[in-house]
Amino acid sequence: MSQPNLDPSAEHPSRHLGGSLSADEFKTLFRGHPGGVAVITADAGDGPVALTATSVSSVSADPPLLVFSVSAQSSASAVLSTAETVVVHLLDADDLALAKLGATSGIDRFADASAWSRLTTGEPVYRGVRAWVRCAVVSRMDAGGSIVIAGHALQSHVERDVEPGGHGDALVYHNRTWHRLSEGSAIRN
């Protein structure tokens with residue numbers, strides 16, 4: 001994995017940027033910033049792994065790219081550091097149980113064989129989720145205590161589509177709590 005220098009003053013030694021936020025200050029800052037919820041699965045040959053993430057973001061539509069990060073401390077990080085492909089499950093409120101499963105430490109996230117299967121290409125995929133996308137990993141970058149992974153979308157499935165302008169019962173994580181976006185949460189101009 002390439003390890004770029006993430007110290008902005010290293011590129012521009014004449015710039016003095018000042019001190020850094022503490023970890024607690026940074027957590028406070030982002031606690032008020034909601035994130036969409038996804039579960040990421042992969043299998044690099046030693047069995048499937050899964051984790052819940054709120055860091056998934058689209059980067060480009062052409063080519064179709066997304067990114068996400070995973071803590072280097074996650075039990076799934078070793079597999080995600082070597083897997084050639086991943087499946088990103090984009091969840092809505094109907095998928096809350098899966099979001100909680102992927103966020104729970106120390107359990108077998110694949111114990112219920114009826115909840116998941118393998119794609120013909122081998123990746124583990126959970127059944128019945130709002131949508132999933134299979135991605136080829138195209139880049140990895142160490143970033144502090146995390147790994148940022150970029151994926152090129154290869155295949156997708158949408159079980160429950162969201163109409164343009166509709167709320168779609170999106171599942172959002174905000175201030176350490178799960179939320180459902182609804183018609184009442186829409187701000188109309």
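Modeller: What follows goes through the salt bridges pair by pair.

The model is predicted, so local features need pLDDT of at least 70 and side-chain atom pairs count only at pLDDT 80 or more, whereas totals for chains, interfaces and linings use all residues. Residues are numbered from 1 along each chain as its sequence is written, and side-chain values use heavy atoms, with hydrogens and water left out.

Side chains of opposite charge can pair when their charged atoms come close. A salt bridge here is a side-chain nitrogen of Lys or Arg within 4 Å of a carboxyl oxygen of Asp or Glu, and the structure holds six of them.

One of these joins arginine 160 to aspartate 94, with the closest N and O atoms 3.6 Å apart. Arginine 160 lies in the loop between strand E10 (146-158) and strand E11 (171-174), while aspartate 94 lies in the loop between strand E6 (85-90) and helix H4 (96-103), so the pair ties together parts that are 66 residues apart in sequence. The names of these elements follow DSSP runs numbered from the N terminus, with helices (H or I) of at least four residues and strands (E) of at least two. For accessibility, buried means under 20% relative accessible area, exposed over 50%, and partly exposed in between, using a 1.4 Å probe and protein chains only. Arginine 160 is therefore partly exposed at 24%, whereas aspartate 94, with a relative accessible area of 53%, is exposed. Both residues also belong to a network of salt bridges that links Asp92, Asp94, Asp95 and Arg160.

A further salt bridge brings together the side chains of arginine 134 and glutamate 123, at 3.5 Å from N to O. Arginine 134 is in strand E9 (residues 131-143) and glutamate 123 in the loop between strand E7 (116-118) and strand E8 (124-126), so that distant parts of the chain, eleven residues apart, are linked. Arginine 134 is buried, because its relative accessible area is 13%, and glutamate 123 likewise counts as buried, at 4% relative accessibility.

The side chains of arginine 180 and aspartate 169 also meet in a salt bridge, with 3.8 Å from N to O. Here arginine 180 belongs to strand E12 (residues 177-180) and aspartate 169 to the loop between E10 and E11, and the pair, eleven residues apart, links distant parts of the chain. Arginine 180 counts as partly exposed at 47% relative accessibility, and aspartate 169 counts as partly exposed at 24%.
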